[in-house]
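Student: I would like to go through this structure term by term. Please set each value against its definition.

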Amino acid sequence: MCRQGGIQATSYNKIISTKAHWVFNVGCVARYDQNTREQLHLFVGGCIMKLQFVLGVCISLLLAGSLSADTTFTNAIDKMWSNVDNWSDGFPDNDDKIRIVDGADCVLDIGGQVGKHIAMEGGTAHLTLLDGAEVAISDWTIIAYAGGDEGNPHLLEIFGGVLNANARVFVGFLGYGKLVVDYEGVLNLNAQELGVGENTDGNGRVEVRGGEINLLSSSSLPLRFNAGQNSVASMDFSGGVLTQAYSDARLAYINDRIADGTITAYGTITASYGTGTVLVETVEDTLIVKGLHPFNPVPEDAGDTVPGTVTLEWTVDAGTLVDVWFGNKADLSDFTKIVDKQAVTSANVTTVAKQRYFWAVDTYEPGEAAPEIGIVFDFTADNQPPVVEAGVDLLTWLGEDGTRIKNLDATVTDNGAYTVQWTVVSEPNDPNNPDAVIADPSAEDTSITLSALGEYVLQLDASDGEYTGSDTVAINVYIDGCEAAKSLPDYVPFPGDLNGDCKVDDEDLAMLEADWLMDNSLTEP
């Protein structure tokens, strides 16, 4: 869907993925009348940014080599990456710079692809990843090394599959660039930074409409904006998430960029019902950023739900009249009005598995004959994996016989039958003690026998025959109950526990008596 700027339109030049099939939709489709849905096609010319020669040479050296072609996508036959005749020097390999340049339009439709660099420059270029696509890039990826223009930027769209970036990713380096992640698409940044508006006059935008951007880098700030002088940078969430390991500095940076308007949700919504909200959550040690529309749609925008009868829900002011549209085509050509100017906040629809659906809520201001047109939400009806809770992390200590039996109390939730399997992911490397033994690995609630000091990590997998859900639990084993108690973050020893055995007893008294009336203060001033 075209959530660009938070307006009510479906996306342009977009290949829309469902788990069942692909729909090819060219053009931008805007909804601007409550009874008709007409197509508006946007075509914008491109321009090539002129660079000073010296600046270009310096940047080339900085990035370890010029952008001369190793292998260039030519569109000689069609748009498909998988057609070798589209490449100037054959399929990319680990040492190749992949050039998507000068107006090229490439669709990555296969897995197992590799390269050293991806460079998008010159006349506006376009690279799209589909379901099943996978490419691993060992060094930098630059969307808009140069060129493009504000209305027609270089565009990388990840609508499915995975881009594994093992070094920096720049969006808008010296030119105009845009990164869009949607549907089931995944960008994993495994090292260095995701830079938006990275160099002088660079113009970069990231739109997270679905899928995931996972910043797995150990960099102190793996996300950065406006590193270049006079650069322009923005990031918008309208479905999907960005994740990174938590740190105070990372959280502060995200909050600062929300405060200054660099990071937004659902673009700039001008309707009377308000603006989108950027949500920042911490789940265990993971920092999660996503967007929330003022309607708080259910199912969650770009989310999944169990097929069958689905209740669509939205939040508006009491008494607000709405029209609700529903269909399974992103170009809205099959939209049906399922609510016609009623003051309701929910409606039931029928869905089938492996199908993506689209819906929209138009609202009426009091006394107005025409509604405010709402943006299009989407969700996928599909079987959901079992929800697994392996239990809270545990601590214990060995008994007199050198072992400990610990109960495993798990919870699995699913809408059908499922099977479970416990496994030991890791355990102490102690050659003098036997490995952990799970009494019944195929039982949801079971027990485990432990015999070594240290940390055990167990994983519980639950499968419904199609999807698998997993969770882990850690068990830390100590020599005795005192050492276990000392491991707790809120442990405070008793003032009278002189020997540190977690007890105040005769041994502590004997130590006190031995030093009774002793004085080691200085006597001379």
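Tutor: A disulfide is a pair of cysteine sulfur atoms within 2.5 Å. The model is predicted, so local features need pLDDT of at least 70 and side-chain atom pairs count only at pLDDT 80 or more, while totals for chains, interfaces and linings use all residues. Residues are numbered from 1 along each chain as its sequence is written, and side-chain values use heavy atoms, with hydrogens and water left out.

Student: What makes C482 and C502 a disulfide?

Tutor: The S to S distance between C482 and C502 is 2.0 Å. The limit is 2.5 Å, so the pair qualifies. By this rule the count comes to 1 disulfide.

Student: Why is the disulfide of C482 and C502 called right-handed?

Tutor: The torsion about its S-S bond is about 75 degrees, so the disulfide of C482 and C502 is right-handed.

Student: Is C482 buried or exposed?

Tutor: Buried means under 20% relative accessible area, exposed means over 50%, and partly exposed is in between (1.4 Å probe, protein chains only). C482 has 12% relative accessibility, so C482 counts as buried. C106 is at 0% and counts as buried. V492, found in the loop between α3 and α4, has 64% and counts as exposed.

Student: How do you know that β19 and β22 are paired?

Tutor: Two strands pair if DSSP finds at least two bridges between them. Strand β19 (residues 203-208) and β22 are joined by 6 bridges and run parallel. In β22, F237 is the bridge partner of V208. β22 also pairs with strand β24 (residues 263-265) in the parallel sense, over 3 bridges, where M235 stands opposite I263.

Student: How many residues of β22 are buried?

Tutor: Strand β22 (residues 232-237) has 5 of its 6 residues buried.

Student: Why are β36 and β39 called edges?

Tutor: The sheet is open and has 3 strands in the order β36-β40-β39, with antiparallel pairing. β36 (404-408) and β39 (437-438) each have a single partner strand, so one side of each is left without a neighbour in the sheet. Between β36 and strand β40 (residues 446-450) there are 5 bridges, and L408 stands opposite T446.

Student: What makes Y145 and F173 a stacked pair?

Tutor: Rings of Phe, Tyr and Trp (its six-membered ring) pair if their centres lie within 6.5 Å; planes under 30 degrees apart count as stacked, over 60 as edge-to-face and the rest as tilted. The whole structure holds 10 aromatic pairs. In one of them, Y145 and F173 are 5.6 Å centre to centre with 20 degrees between the planes, which is stacked.

Student: Why is the pair of F159 and Y183 called edge-to-face?

Tutor: The ring centres of F159 and Y183 are 6.0 Å apart and the planes are at 70 degrees, so the pair is edge-to-face. F159 and Y183 are 24 residues apart, and both are buried.

Student: How do you know that R257 sits over the ring of Y253?

Tutor: A charge sits over a ring if NZ of Lys or CZ of Arg is within 6 Å of the ring centre and within 35 degrees of the ring normal. The charged end of R257 is 4.9 Å from the centre of the Y253 ring.

Student: What is in the largest nonpolar core?

Tutor: A nonpolar core is a set of buried Ala, Val, Leu, Ile, Met, Phe, Trp, Tyr and Cys residues joined through side-chain atoms within 4.5 Å. The largest has 65 residues, and L127 and W314 are among those with the most contacts inside it. A second, separate core of 20 residues includes A390 and I475.

How values were computed. Helix = DSSP H or I, 4+ residues; strand = E, 2+ residues; numbered from the N terminus.
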